[in-house]
Amino acid sequence: MTSPAISGWPISLPRSAHETASFLFAEEIADRSAYEGRSDLGNTQPETVNASKGRGLIQLTGRTNYAAYSKDSGVDYVAKPELVASDPFVAVDVACSVLE
């Protein structure tokens, strides 16, 4: 039996390649202005803008999503969102968590 996470990879690899510019960047290149004030992402306060930027191989975007991933992982990525891009294990783990 194939797990949902494994079966999602063939579709997700091209998406990851696109979002990371062929795996060169684990942090979104665009500025964060598109996410400011987006209540659906939990970006309702000016200080949440840093956590709104997409990071990871399948990019984690928005304070709400960072908070959910933080709860699941036990690490406060809302306070240190840059770790999602700088730690290769976390960048891959975020992608896997999306595929589950």
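Select L24: it counts as exposed because its relative accessibility is 65% (exposed means over 50% relative accessible area, buried under 20%, partly exposed in between, with a 1.4 Å probe and protein chains only). This is a predicted model, in which local features need pLDDT of at least 70 and side-chain atom pairs count only at pLDDT 80 or more, while totals for chains, interfaces and linings use all residues. Residues are numbered from 1 along each chain as its sequence is written, and side-chain values use heavy atoms, leaving out hydrogens and water.

L24 sits in the loop between α1 (4-19) and α2 (49-52) (helices are DSSP runs of H or I, at least four residues, numbered from the N terminus).

Next, select L60, Y66, Y69, Y77, V84, V90 and V94, the seven residues of the largest nonpolar core (buried nonpolar residues joined through side-chain atoms within 4.5 Å). α3 (63-73) and α5 (88-99) each supply at least two residues of this core. Apart from it lies another core of five residues, including I58, A91, A95 and L99.

Return to Y77 and show its contacts (heavy atoms within 4.5 Å). Leaving out residues up to four places away in sequence, Y77 touches Y66, Y69, S70, L83, V84 and V90. Y69 and Y77 are both buried.

Finally, look for aromatic pairs: the whole structure has one (ring centres within 6.5 Å; planes under 30 degrees apart are stacked, over 60 edge-to-face, the rest tilted). The ring centres of Y69 and Y77 are 5.4 Å apart and their planes are at 35 degrees, so the pair is tilted.

Key: Phe/Tyr/Trp six-rings, centres within 6.5 Å; stacked < 30°, edge-to-face > 60°.
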